[in-house]
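The following note was prepared for a colleague who works on the computational side. Please read it with the model open.

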Amino acid sequence: MIASIRVLLLCCVALALAPASSAQADPRLAAAEQAYRDGRYAEAERVWRDLAAGPWGADGRLHYDLGNAAYRQGHFAAAVLAYERALRRPGAGPEVRFNRDLALQRLRVPARGGGGLVEGFRTWLRDLDAGSWFRLGLGCQALALLLLMAALAGRGRRTLWAVVTLWGLGLFAQVRAADVDPDRPVGVVVLEDRAPLRAEPRAGLEPILRLPAGQRARWLGGTRDWLRVSVTTPDGPREGWLPAGAAGTY
């Protein structure tokens with residue numbers, strides 16, 4: 001049974017790991033996609049990475065393609081980082097989360113961190129992109145209108161309070177959508193296995209934790225050489241500093 005599931009997953013990878021960006025706007029995209037189809041994944045990744053440094057970096061599909069190229073080369077932590085960046089930008093589809101979770105599985109890192117339901121909900125809210133916030137706001141306001149119609153039909157004050165609450169949540173979500181900046185980091189992906197997490201940004205200190213490649217953490221700030229993060233552990237959240245070269249932000 002387990003072997004059958006693995007075969008099914010590998011088939012899904014073969015179907016899902018395909019380039020998604022359009023080749024019509026820039027000839028370099030066509031060249032990268034052809035390189036990818038020919039199995040020249042490093043070449044495709046190099047071109048896509050150059051494109052991501054410019055205006056194309058705002059397109060989630062390009063980061064998805066970068067993740068696929070990294071995955072094909074066995075660079076699973078880099079793939080996770082690219083998929084997380086894709087999720088924060090418009091254009092990427094639902095297959096991004098599927099591929100990200102496959103990469104985390106290859107790294108033997110849980111797709112969902114610890115910390116319980118509350119921490120999971122906070123992480124979900126933090127990682128929502130502008131489009132998701134906008135759709136959430138519209139959904140809340142649509143439900144508020146339906147409840148308002150019920151209230152006008154004589155369903156009582158409690159319905160009116162629900163209308164006000166949902167409408168307020170809808171407005172908050174739409175304001176949040178306008179405030180989402182995908183270039184402002186919210187998270188970190190560890191790129192080096194056993195990356196040292198230190199209590200202070202000093203290389204000589206003994207690490208308080210060693211983090212596996214692919215581990216995701218909350219970004220709290222940092223400098224050019226250090227990233228201050230909060231990571232969820234079985235004992236609760238721990239804060240510390242990672243060398244900038246050992247991780248990437250999204």
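1. Basis of the note. This is a predicted model, in which local features need pLDDT of at least 70, side-chain atom pairs count only at pLDDT 80 or more, and totals for chains, interfaces and linings use all residues. Residues are numbered from 1 along each chain as its sequence is written, and side-chain values use heavy atoms, with hydrogens and water left out.

2. Overall composition. The protein chain has 9 helices and 7 strands; helices (H or I, at least four residues) and strands (E, at least two) are DSSP runs, numbered from the N terminus. Of its 250 residues, 38% count as buried, where buried means under 20% relative accessible area with a 1.4 Å probe, protein chains only. Among contacts (heavy atoms within 4.5 Å) with a separation of 6 or more, 58% are between residues 24 or more positions apart.

3. H2 against H3. The axes of helix H2 (residues 27-37) and helix H3 come within 7 Å and cross at roughly 155°; axes are lines fitted to C-alpha atoms over the stretch in contact, and angles run from 0 to 180 degrees between N-to-C directions. H2 is therefore roughly antiparallel to H3, a term for angles over 145 degrees. The crossing of H2 past H3 is left-handed, meaning that the near helix is turned anticlockwise from the far one by less than a right angle. From H2, Arg28, Leu29, Ala32, Glu33, Ala35 and Tyr36 meet Tyr41, Glu43, Ala44, Val47, Trp48 and Leu51 of H3. This contact has 9 nonpolar, no polar and 3 charged residues; Ala, Val, Leu, Ile, Met, Phe, Trp, Tyr, Cys and Pro count as nonpolar, Asp, Glu, Lys and Arg as charged, and the others, Gly among them, as polar.

4. H3 against H4. Helix H3 (residues 41-52) and helix H4 (residues 60-72) have axes that come within 9 Å and cross at roughly 150°, and the two are therefore roughly antiparallel. H3 also passes H4 in a left-handed crossing. Residues of H3 in this contact include Tyr41, Glu45 and Trp48, and those of H4 include Leu62, His63 and Asp65. By class, the contact of H3 with H4 divides into 8 nonpolar, 1 polar and 4 charged residues.

5. Nonpolar cores. A nonpolar core is a set of buried Ala, Val, Leu, Ile, Met, Phe, Trp, Tyr and Cys residues joined through side-chain atoms within 4.5 Å. In the largest core, of 18 residues, Tyr71, Ala79, Tyr83, Val96 and Ala103 touch the most other members. H4, helix H5 (76-87) and helix H6 (95-107) each supply at least two residues, and H5 gives the largest share, 7 residues. A second, separate core of 13 residues includes Ala44, Trp48, Ala52 and Ala69.

6. Gln215. This residue lies in the loop between strand S3 (209-211) and strand S4 (216-222). Gln215 is buried, at 18% relative accessible area. Neighbours within four places in sequence aside, Gln215 is in contact with Val109, Val188, Val189, Val190 and Val231.

7. Ala247. Strand S7 (residues 247-249) contains Ala247, which is buried, with a relative accessible area of 8%. Apart from neighbours within four places in sequence, Ala247 is in contact with Val188, Val189, Val190, Leu191, Leu227 and Leu242. The C-alpha atoms of Ala247 and Ala213 are separated by 8.7 Å, although the two residues are 34 apart along the chain.

Conventions:
Parallel < 35°, antiparallel > 145°, perpendicular 65-115°, else oblique. Buried < 20%, exposed > 50% of the residue type's maximum accessible area, 1.4 Å probe, protein only.
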